[in-house]
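Please keep the sequence and the structure open while reading.

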Amino acid sequence: MDLLIPDKVHDESRQGEALVLEPVGKHNGRKLYIESYGCAMNFSDSEIVASILAEKGFETTSDFKNADVVFINTCSIRENAETRVRNRLKEFAWAKAKNPGMVVGVLGCMAERLKAKFLEEEKLVDVVVGPDAYRDLPNLIEQVDGGQKAVNVLLSREETYADINPVRLNSNGINAFVSIMRGCDNMCSFCVVPFTRGRERSRDAYSVVAECRALFDQGYREVTLLGQNVDSYKWKPLPALSEGEGSDNAVQKVSPIGGDLEEAVNFANLLEMVALVSPDLRVRFSTSHPKDITDEVLETIAKYDNICNYIHLPVQSGNSRILDMMNRTYDREWYMNRVDAIRRIIGDCAISTDIITGFCSETDKEHDDTVTMMDYVKYDYAYMFKYSERPGTLAAKRYADDVPEDVKQRRLTQIVDKQREYSFYRLQARIGKVEKVLIEGLSKKSDKDYCGRSDQNAMVIFPVNENYKPGQYVNVLIERSTSATLMGKIID
C-alpha cells in the first residue's frame, strides 16, 4: 500500500535491482551478482561491495544463473521486504543445486538477526555479512571456497568506508548517492536500524567533499547526501600538524569554505562545503530527523540556490502519546514548529514524510491527530505503512501489537487517499510556474520526452529538444499535472 509517488530516496521501482558494471581492469574469471532491497543506504552499500570485489577481479552479471557469487543486500525495516528476500533466496538455492560451486550470501540489515536461520536451519546461504564487514568479503568468499560457512556480522564504531571510491551502479552518470555517515543512535522503538547498522559515526568531511568534487568532474550534476539521520552529522578534524611532523592519518585544519577548521563540522557546515564545489552541482540529502533539524541547516539551504528546496521529514504519527511510545523524542507541537520554520526560512520548500498507522495501542482519536497533521502540512509526498512488529525492537519487547489488522488497513487507506489529494494539490500549484529541471534522461513511457526533477523533487516530463542533453539544466514551463508528475515545455 505504499503510495506510488516517485522519490529517488525511496524508489520502490528499484527494489530487487541487480547491478551491472562495465568490465574494467584485470579479471579473475568469476562473475558477481548483487541484488539490493530497502533504502538508498543499501543501494549505496552495494556500490561499496562492488568496488571491494572489483579490486579482486570480479565481473558483474545481470543473470544470477550465470554467477559464481550471488549476494542479496537486505532490509529489515518492513516485513514484506523480508518475505521478498526469503523467496528470492529459495530461487538462488535452486540455481545453486545446478551449480554447486556457486557462493550465495546475505548482506546488510538482516544478517545479524537471521544469520542462524539462513545458515544452519534453512541452509539457504553460504555466507552472511553485516554492513560494517564488507572489507572482509574476499576472505569470507575464500572460506566458502574451502568448504566452510562464513559469517562476519560484527558492528564497528569506526567503519565509514571513507577511503573506498564506490562504483556507480546502473548509473545515468548524472545523479549519485554519497554516504556521509553510518549507523543510528536514535533508538526509535519500532526500528531495527540501531541493531543492524550499529552506532552513529560520521565520515571525514574532506573525503565527502573530495568525492562530490570528483563526481562533478566526471559529469555528475546532482548528489544526494545519505545518512540515517543526516542532521546529527558531526566530524572533528585531527589536530593540525606542527612543523616537522608527519602522519598518514593527520589532516590540516584547512576548511574548504575558507579559514581553519578549529571546531567540529556539523551538517550545516558540510552542506555548505558541498554546495561550494560548484553552483552547477545540485545537492540533496536524506533523511532528516525532526528533533535535530536546525534553523542553521534551513538558513544554509536558503543561502545556496544549488541546495534543493526539498526536505524529507518523517513524522511517523501526529499524536504526542504515540510519538512518545515510538521514542521519537519530539511531540506534535515540536514537529509543527519545525514545519513552520521551514516555511518561514526557506519558503517554497517541498516536504515529504513517513507515516505509520496502527502502532501499538493507537486509538481512532490518536489516528485523527495524524490526519490533522497531514492537513496542517499538506505534504508533497508521503510513504505510508501499516505497523508491523519487527523482532528485537524495543516496541516488540515493551508493547503488544494490539491494533486489529482491519483497523490498520482502514486507517492506512484513509491517509493514502488523503495524501493523493495533497500531492495533486501541491503539483497543481506549480502549473504556470517555470521550474529549473535537471535532465536525467528519456521518459520511461516515450523516447520523445525527457524527464528530470525540479528543485522541489517533483518529476517533470517535457518534449525532447535537440539543443539540450541529459545532464543539462533547462527551464520548463509547467502546463499540467497528474497526482505524481508535472508536464510542460522547455522555454529559453
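Where is Cys109 found? In this predicted model, Cys109 is found in the loop that runs between β5 (103–108) and α3 (111–121).

## The annotated cysteines

Cys109 is one of the residues under a "binding site" annotation in an unreviewed UniProt entry, which covers Cys39, Cys75 and Cys109. These positions are spread over 71 residues of sequence, yet they cluster in space, the largest C-alpha distance being 10.7 Å.

With a relative accessible area of 28%, Cys39 is partly exposed, whereas Cys109 has a relative accessible area of 7% and is buried.

## The chain as a whole

The chain has 13 helices and 22 strands, and buried residues make up 56% of its 492 residues. Its accessible surface comes to about 20,800 Å², and carbon and sulfur atoms account for 48% of that area. When contacts between residues at least 6 apart in sequence are considered, 73% of them join residues at least 24 apart.

## Helices α7 and α8

Helix α7 is mostly covered, since 8 of its 9 residues are buried. The buried residues are Phe267, Ala268, Leu270, Leu271, Glu272, Met273, Val274 and Ala275, and what covers them includes α6 (205–217), β11 (222–226), β13 (265–266), β14 and α8. At the start of α7, a side-chain oxygen of Asn266 reaches to within 3.1 Å of the backbone nitrogen of Ala268.

Which residues of helix α8 (residues 295–303) are buried? They are Val297, Leu298, Thr300 and Ile301, and because they cover an arc of only 160° around the axis, they fall on the same side of α8. An α-helix has 3.6 residues a turn, so residues three or four places apart point the same way. The cover over the buried residues of α8 includes α7 (267–275), β14 (282–286), β15 (310–312) and α10 (332–345).

## A buried lysine

Lys408 lies in helix α13, which spans residues 405–428. Is Lys408 buried or exposed? Its relative accessible area is 2%, under the 20% limit for a buried residue, and Lys408 therefore counts as buried.

A polar atom of the Lys408 side chain lies 2.9 Å from the backbone oxygen of Tyr387. Leaving aside residues up to four places away in sequence, Lys408 touches Thr357, Gly358, Lys386, Tyr387, Asp401 and Val403.

## Salt bridges

The count of salt bridges comes to 25. One of them brings together the side chains of Glu211 and Arg203, with an N to O distance of 2.5 Å, and both Glu211 and Arg203 are buried. Another forms between Asp295 and Arg344, whose closest N and O atoms are 3.8 Å apart. Because Asp295 lies in helix α8 and Arg344 in helix α10, this pair ties together parts that are 49 residues apart in sequence. Asp295 is partly exposed, with a relative accessible area of 27%, while Arg344, at 57% relative accessibility, counts as exposed.

A further salt bridge joins Arg430 to Asp348, the closest N and O atoms being 2.9 Å apart. Arg430 lies in the loop between α13 and β18 (434–442) and Asp348 in the loop between α10 and β16 (350–357), so this pair ties together parts that are 82 residues apart in sequence. Arg430 is buried, with a relative accessible area of 14%, whereas Asp348 counts as partly exposed at 40% relative accessibility.

Key. Residues numbered from 1 in each chain as written. Predicted model: local features only at pLDDT ≥ 70, side-chain atom pairs only at ≥ 80, totals over all residues. Heavy atoms only, no water. UniProt positions renumbered as here; feature names shortened; annotations may be inferred. Buried < 20%, exposed > 50% of the residue type's maximum accessible area, 1.4 Å probe, protein only. Helix = DSSP H or I, 4+ residues; strand = E, 2+ residues; numbered from the N terminus. Polar contact = N/O pair within 3.5 Å; in protein donor to acceptor, adjacent residues only side chain to side chain. Contact = heavy atoms within 4.5 Å. Areas by Shrake-Rupley, 256 points an atom, 1.4 Å probe, with all protein chains shown as cover. Arc of directions from axis to C-beta. Salt bridge = Lys/Arg side-chain N within 4 Å of Asp/Glu carboxyl O.
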